[in-house]
Structure formats: C-alpha cells, structure tokens
Amino acid sequence: MSKAIIPAFSISDNPAEISASLDEAGCAVVQGMFSEEQCAQMRAELDPHLEHALYADEDQTADFYPAKTKRITGLVARCPAVRELAMHPVTTALCDHHLLPNCEKYNLHVTAGLIVGPGARSQVLHREEDPFDYFPVPRPNLVIASMAALTEFTADNGGTLLAPGSHRWQQGRVAEDSETVPAEMPQGSMLFWLGGTLHGAGANITQDWRHGVILSYSLGWLRQEENQYLNLPDDVLADLSDELKDRIGVTMHGSLGLYDPRVRGSKSQMSLPKNLTS
Ligand SMILES: [Fe+2]
C-alpha cells in the first residue's frame, strides 16, 4: 500500500492546482497564507480568551474532545484579525470550486481557536459533515474546513491527523494506522480538508501547546455549526464589511434566511432583502 501523503503547496501556486489536489486527496497544506504580524495579532487577541477557557485534565473515554485541549468560538467578534483570514483569496477560490456547484453562496460554518496541550491524546477520527448523516457517505461536498497554524504543527505536537482519500470511502470503512498522516506545517500555513475527509487532532507528546484556528465553510442552505448570529453583537455586525456579512450568512440564500432589518433597528445596518418590500 502506498504511503498516505498530504499534498503541499505555497501561496504562490495556482489555486486551480490546489483545488485539483484537494479533490483527489481530500486535503492539502498551503504555506505562507498569513504573515508573522497577522499571526502575532491573532495570538494577542485569542490568548486572553484561551487562558480562561475551561478544559478537562483527565480523559473521559466518551468525550469527543480530548483532555488537555482548549477551544473557544465566536472568533469573528473576539478576534478581528481572523476576519481577514476568513476572506482569504485562496480560501475563497477553493470554496468557490468545491462548494458553489451545490449552492448559490456559502457561509462561514464554524470559527474556533483550538489549542492542544502537552499530554493530550489524539482525537477520534471524524468527518466535519457527520452532523449531516441523513445522507450516506460519500456525500457531495457540503463543507470545507481549514486550520491555520499559529504555531508550527508537527507529528509530535498535535498536528491534525488525516486519512487522505477518505472523502471517497464507503460508509463504515475504518482508517488503518498506515492510512493516516499528520499535517506537518510551519506557522503561517493553512491545512484545508473536505468535509468528507476523516481527520482529528493528533496527540501532543511535547511540552508545548499547539495553537490553531479552524475556519470552515458550508453550503448556504445548510444549518451552520456555529450560530454566527447569536455570536455577533449588533455593534460588531455593524462594523463588518458587506462581503464578510455575506460570508457569515446574515444575507439570504435564495428564499432562505428571510429577515427584516427594521426589527433589529438601525444598529445592524442591514439592507432590506430584495424580496421584501417596504
Ligand atoms: Fe473536525
């Protein structure tokens, strides 16, 4: 059996090549996606929240999230530096290619700071599309996920484990150890994977915390994993660009997501949807 490989690219590579590789392997790493300054800004905004995040010190076998890992969500509000990353042109090109065939527009699905501490076990392999299990795998593309490396990701510090090609597997097929590989990437890289690809955080056998930010995107007619609307205070929403508002999903998808901005008052600065007359 050939060794499992995660295709690797740099920011200067043609997004069409990255898309083709993502189609084939179900995952890809792109280096140089954000600068050291952007990284430092994200750390400065996230770390105070992560410092106070509750986490388990001992594993309960039934837990989806391993002990010694921390998570915070609501990053559009809590971490302004993430907003630019959520609109990254490479991410947009990949989402356009993989999601637009199945929808009119796609939305930000979940935002989270995920850090893996010393001694954390590996996470059970799963698919981001598992909440949509009314449809058997392999499913059409519903979700694309990305993980930004705010610190280097290695095989030893909790680098995300993936089973390349598993987005095409039939229901019930379990990944052998030889079919999984850790995403190793320097700070500033982003790992992309399709919602059908088996993956999970790796174990951390080092003495350092591994810092990552997950941003995922889903078809505009699906229920988002994160309730972006409740995670966005009015004054934050009012400050966002129209493009980011659209990506968060406050705008309509066809006839779905009807709203009347007059209900919330002027703070949200939303325009009337086109099918709502005043
Ligand atoms: Fe996941």
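Student: How many helices and strands does the protein have?
Tutor: The model is a predicted one. Helices and strands are both present in the protein. The counts are 8 helices and 10 strands.

Student: Of the contacts with a separation of 6 or more, what percentage comes from residues 24 or more positions apart?
Tutor: As background, 38% of the 278 residues count as buried. Among contacts with a separation of 6 or more, residues 24 or more positions apart account for 79%.

Student: Are α1 and α5 parallel or oblique to each other?
Tutor: Helix α1 covers residues 15-25 and helix α5 residues 89-99, and their axes are 10 Å apart. The packing angle is about 50°. An angle under 35 degrees would count as roughly parallel, and 65 to 115 as roughly perpendicular. The two helices, α1 and α5, are therefore oblique.

Student: What is the handedness of the crossing of α1 and α5, and which residues make the contact?
Tutor: The crossing in which α1 passes α5 is right-handed. From α1, the contact uses Pro15, Ile18, Ser19 and Leu22. These residues meet α5 at Val90, Ala93, Leu94, His97 and His98.

Student: How do the residues of that contact divide into nonpolar, polar and charged?
Tutor: The division covers the residues of both α1 and α5 in the contact. It gives 6 nonpolar, 3 polar and no charged.

Student: Is alanine 20 buried or partly exposed?
Tutor: Alanine 20 is in helix α1. Its C-beta has 14 C-beta neighbours inside 10 Å. A buried residue needs 20 or more, and an exposed one has 12 or fewer. Alanine 20 therefore counts as partly exposed.

Student: Is lysine 68 buried or exposed?
Tutor: Lysine 68 lies in the loop between α2 (36-51) and β3 (69-73). Its phi is positive, about 65°, although lysine 68 is not a glycine. Within 10 Å there are 21 other C-beta atoms, so lysine 68 is buried.

Student: Is the peptide bond from valine 137 to proline 138 cis or trans?
Tutor: Proline 138 is in the loop between β4 (106-116) and β5 (143-149). For the bond from valine 137 to proline 138, omega is near -5°. That peptide bond is cis.

Technical notes
Residues numbered from 1 in each chain as written. Predicted model: local features only at pLDDT ≥ 70, side-chain atom pairs only at ≥ 80, totals over all residues. Axes fitted to C-alpha atoms, helices over the stretch in contact; angles between N-to-C directions. Helix = DSSP H or I, 4+ residues; strand = E, 2+ residues; numbered from the N terminus. Parallel < 35°, antiparallel > 145°, perpendicular 65-115°, else oblique. Left-handed = near helix turned anticlockwise from the far one by under 90°. Contact = placed C-beta atoms within 7 Å. Nonpolar A, V, L, I, M, F, W, Y, C, P; charged D, E, K, R; others polar.
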